[in-house]
Amino acid sequence: MNLYLVRHAESMGDALNLIEGRADFPLTEKGKNRAEDLAEHFASVPIDRILSSPLSRSMQTANIIGRRLNVPIIECEDFTSYDNGKIAGLTLAEADQKYPKPKVKYAHTEIYGMESMVDFRSRIEKGLYHILFDGNEEDNVLIVTHGGVINEIIKIFLDIPVTRDYSFASAGGSFAHLEYCKDGSKKILSINRQI
């Protein structure tokens, strides 16, 4: 099975340099154009299913791609952005001032209304395993989501624990290409690919 993990194209939140998370911003014109470029690229790939986070920036990106490929969009809550609680929609400076990060890791704890990292990872794993184990090995599945979700999926593929701080960059409108076989073998073919 081929998984294509697309990070949504540029949103208004990106353009304003705001922390997004669950703050729901639409795409900019630049973002819409980037989504059209992605649609053109994936037109040459026989995509069987497109799943998307329900947030506007992902759904808009997915709909542009889906229209070009004539593939319907399946809204999937499991691939929604990290629920970052009270810092959603703030600048980084505002978030640091109002809600400073604790000095100890909080993987199992919810602070400032944020989702715990364990809960975040758990719901992504649930969505991912549903795709992997219910699908066919020959399927090409495109998931339009958020950078943090893509990061966690890659960590899952590499068997990296949720408590380990590894970060795999995903620029707006980029994608990763992963391959999963029913025998359990996994390959990461590209990360943060730009077209």
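Start with helix 2, residues 29–42. Its 14 residues, at 1.5 Å a residue, should span 20 Å, and the end C-alpha atoms are 20 Å apart, so the two agree. The expected span here is 1.5 Å times one less than the number of residues. Helices (H or I, at least four residues) and strands (E, at least two) are DSSP runs, numbered from the N terminus.

Some ground rules. This is a predicted model, so local features need pLDDT of at least 70 and side-chain atom pairs pLDDT 80 or more, while totals for chains, interfaces and linings use all residues. Numbering runs from 1 along each chain as its sequence is written, and side-chain values use heavy atoms, without hydrogens or water.

Which residues of helix 2 are buried? Gly31, Arg34, Ala35, Leu38, Ala39 and Phe42. They cover an arc of only 150 degrees around the axis, which puts them on the same side of helix 2. That arc is taken from the directions from the helix axis to the C-beta atoms. Buried means under 20% relative accessible area, exposed over 50%, partly exposed in between (1.4 Å probe, protein chains only). Exposed Glu29 and Lys30 sit on the face turned away from the buried side.

What do the buried residues pack against? Strand 1 (2–7), helix 3 (56–69), strand 4 (140–145) and strand 5 (175–180). Contact means heavy atoms within 4.5 Å.

Now strand 4. Six of its six residues are buried. Asn140, Leu142 and Val144 point one way, and Val141, Ile143 and Thr145 the other.

Arg7 has Thr145 as its bridge partner. Strand 2 (residues 49–52) also pairs with strand 4 in the parallel sense, over four bridges. There, Arg49 stands opposite Val141. Pairing requires at least two DSSP bridges between the strands.
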